[in-house]
Amino acid sequence: MLNMRGIGKRFLGVQVLTGVDLAAGPGEVHAVVGENGAGKSTLMKILAGVHTPDEGTIEIDGHRVAFGHPLEAQRAGVAIIYQEFNLLPERSVAENVFLGREPVRRGMVDRAAMDAATARLLTELGVDSFGPRQPVKRLSVAQQQVVEIVKALSLDARIVVMDEPTAALAGHEVELLYRLVRRLQERGIAVLYISHRLREVFDLADRVTVLKDGRLVTTVPTADVTPGDLVRLMVGRDLGSYFPPRASSTGETRLRVTGAGNDRLHDIDLELRAGEILGVAGLQGSGRSELAKALFGAEPFTRGEMMPVRPRSVRESIRAGIGLVTEDRKAEGLALRQSVRDNALLVARATGRGRNGGVRELLERVRLRPPRQEQEVRYLSGGNQQKVVLAKWMTVAPKVLLFDEPTRGVDVGAKAAIHDLMRELAGEGAAIMMISSELPELIGMSDRIVVLRDGRIAGTLPAGSSEEAVMSLATGEVTT
Amino acid sequence: MTALPGHRAGLAAIADPTRVVFVALAVVILAGWGLVALDGGQFLTLENIVGVQQRSAALGIVAVGQTLAILAGSLDLSVAYLISLTSLVAAEIMAGQDAGIVPAVAAVAGVSVLVGLVNGLVITKLRVHAFIATLGVALIIKGVVDHLYDGPAGRVPESFQHLGYDRIGPVPVSAMLWAVVALIAWFLLSRTRYGYRVYAVGGDPEVARLSGVRTDRVVIVTHVLCSLCAGIAGLLLASRLGAGAPTVGTDGGYDLESIAAVVLGGTALAGGRGGVAGTVGGVLLLAVLDSVFNQLEVNSFFKDVVRGVVIVAAVAVYARRTGMLGRRRA
């Protein structure tokens, strides 16, 4: 039914996919797994017409297709359900399902027909917790996912791609999703199921394709492999980079959290000591960024104890000496249209603490090359931007620095510079927490690794643990 | 992120901004009635009721068009100057002759469609933000009008003045015209594909695009309709004045006031949420407030202060409501 062959794709000169094959038949649930950055999402976006491949061919029912726009893929029967839903919260379920294709009778939108068709599909899927006229904004995430699936069915989709469908779902909601996937299967629809969670892969999929670093590792029937095999296939690679030496000793406790939580996090116990780098691992949706934001007071804890303070606002935590280098530096870390100098002084000026001068020395210290102060930050490379974010925090000499994906989208040279700098700051007595979905980085840098799963701490691992150990805690799979 | 249980549905009904504005309208009428009675006057007189309707009609028609623009995620600052321009076009072509009415109306429609097209095309094809695009078009119209006219011009025949002054029972013809315009807009929004797409484009242009909506076309059509509404208001004002005037649109403050009325009626300034009914309520609310203050002979500066407070307070209330019922995007 679906046959993708030799798919290759480059972005700005970087090869993200090379010679990937993927095939699926009617009624097959085909899982696609791989680490972050393995190329799963890019492959699916190529199938959905969001990106065009540089190499390779796609055939659907033996006909060669080439999609230039998502609509063309839609017409060919491919529907993709993203993690970020494409729904209008203010409009009703039926209005969302038929958006852009509203049935018309005598010049008027036939609302009755629209509602009836939506209701019929909901019944077919065995969903009765909401109806076609409900506004989407009042549905839970799981229910919104149902709306996306109904939309795909109303489009007569024969290939449905689900990108991390359970990432935002609670445990009992996953059951509903399983049921829906099986119904799709019964209707002869091919489901491509992207997930980090190996249990789901084994529960649902007939076959599984493993991608690593943009290449196809293998496609095997799930019956022929164990979860342990899959984890090894996903992560088995050399540690190709060097990391600065670990801390020789750690000092006093800089931050302690006991039994803390909010609506995304539960029972968090955590300690950060001066001089150490604590790594935080977890799958997407496991609560990694939420943890950083809670510690930083941006989405505060609502329960539990935290030392030195349990911040209720960002300002409070900055005053207590806590800094956060956010995952999305362009949106949350920097004022892109302002100069390097103004950005470096953002925190110092906002709090009235720390120094206002000495920007030149600071920029040299973070190894900004060239250290031009008047340049607008948006013209800098990703690595240099990240160095400015670091400089911003160093003006106030924080006692605790939280890093959320500090080297995402950063070139190799800048990455090493940032790693050195993190170690240097720790050596001077800062306590550092680093979230990273890149396992080699996490393992290479951390003195300890905390693994999160479903908003809870799944376990803590010592320095130098294996990628398999981290993955099995993160996925909840026991591997041997 | 949050699953919302069923009992909140009741809250949503109360929180519906359209209801809020009509409740507020009722409260203002009652309060006004009480205050004026204490002052020794009569509030709910025929004269007053007709007056409120007449004062609202022109703003109401413009605000209906503005509602469409705002719902689609756009807005139109050129309506005030377009009203001036169309009043002049109408009065000049009529030149006091009954025979001129039909060509004048046609010319006004033509001018309005043209201005709407320019607004829509600049916004969609040149990707200029609606605020700047329509401000620019407003200045262009102002330049043309100021160059050609320095006072009222043209003349409207007596037969055309019926539009502005006649009434059937307690209902002025102008208010009926407003009602017809509002009904047409309501029908478009709630019963046609075009309306569904306006909400989609205003709600999230990317979602709309990925669902196959030709978003540019929706925005352009919306601006044409909005400008047509301004043209109708221009005709109405010409009929009242008996002539066209280069300042009739700006003196009435139809640009910002129409936006205020739309927002007061519960339509989200960012687009995608709201409707014509709320706007009608918002316009009436502003007119009734005016009427109360006039009767109490309140200082006109104080009047503006109260209007400002009402508008800000209303939007703050809606923001709270939607915040309570809203959800973070998954």
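## A walk through two chains

Start by selecting helix α9 (residues 193–203) of chain B: 9 of its 11 residues are buried, so this helix is largely enclosed by the rest of the structure. "Buried" here means that 20 or more other C-beta atoms lie within 10 Å of a residue's own; 12 or fewer makes it exposed, anything in between is partly exposed, and the C-beta atoms are placed from the backbone. Helices (H or I, at least four residues) and strands (E, at least two) are DSSP runs, numbered from the N terminus.

You are looking at a predicted model, in which local features need pLDDT of at least 70, side-chain atom pairs count only at pLDDT 80 or more, and totals for chains, interfaces and linings use all residues. Residues are numbered from 1 along each chain as its sequence is written, while chains are lettered from A and ligands numbered from 1 in the order in which they are written.

**Around the enclosed helix**

Keep α9 of chain B selected and colour its buried residues, among them B:Y196, B:R197 and B:Y199. What do the buried residues of α9(B) pack against? From chain A you will find α3 (93–97) and β8, and from chain B α3 (46–71), α8 (173–191), α10 (205–210) and α11.

**Where the chains meet**

Now show both chains together. Chain A and chain B each bring 22 residues to their contact, where two residues are in contact if their C-beta atoms, placed from the backbone, lie within 7 Å. On the chain A side, α2 (70–75), β8 (108–109) and α5 (141–154) are the elements that give two or more residues. That side is made of 11 nonpolar, 4 polar and 7 charged residues. In this count Ala, Val, Leu, Ile, Met, Phe, Trp, Tyr, Cys and Pro are nonpolar, Asp, Glu, Lys and Arg are charged, and the others, Gly among them, are polar.

**Chain B as a whole**

Chain B has 15 helices and 2 strands, and its C-alpha atoms fill a box of roughly 65 × 60 × 35 Å along the principal axes. Of its 330 residues, 48% count as buried.

Next, select residues 130–149 of chain B, one of the stretches that an unreviewed UniProt entry annotates as "transmembrane region". UniProt positions are given in the numbering used here, feature names are shortened, and annotations may be inferred rather than shown by experiment. Residues 130–149 of chain B are 95% helix and 0% strand, with end C-alpha atoms 28 Å apart. Then try residues 58–81 of chain B, also in that annotation: this stretch is 71% helix and 0% strand, and its end C-alpha atoms are 14 Å apart.

**Chain A and its two domains**

Bring chain A back, with its 18 helices and 21 strands. Colour domain 1 (2–235) and domain 2 (253–475) of chain A separately; such bounds come from an automatic or database domain assignment. Their centres, taken over C-alpha atoms, are 34 Å apart. Domain 1 of chain A puts 11 residues into the contact between the two, and domain 2 of chain A puts in 10. Which helix gives the most on the domain 1 side? Select α8 (residues 227–235) of chain A, which gives 3 residues.

**The core**

Now for the inside. The largest nonpolar core has 242 residues, and those with the most contacts inside it are A:V160, A:L402, A:I432, B:I61, B:C229 and B:A233. A nonpolar core is a set of buried Ala, Val, Leu, Ile, Met, Phe, Trp, Tyr and Cys residues joined through C-beta atoms within 7 Å. Helix α11 (residues 215–241) of chain B gives the most to this core, with 15 residues. Both domains of chain A give residues to this core, so it lies between them.

Zoom in on A:V160: leaving out residues up to four places away in sequence, A:V160 touches A:A79, A:I81, A:A152, A:L184, A:I189 and A:V191.

- Select A:D156, in the loop between α5 and β9 (159–163) of chain A. Its phi is near 60 degrees, a positive value in a residue other than glycine. A:D156 counts as exposed, with 11 C-beta neighbours inside 10 Å.
- Move on to A:E164, in the loop between β9 and α6 (171–186) of chain A. A:E164 is not a glycine either, yet has a positive phi of about 50 degrees. Is A:E164 buried or exposed? A:E164 is buried, with 20 other C-beta atoms within 10 Å.
- Finish at A:M307 and A:P308, joined by a cis peptide bond with omega about 10 degrees. A:P308 lies in the loop between β16 (303–307) and α10 (314–319) of chain A.
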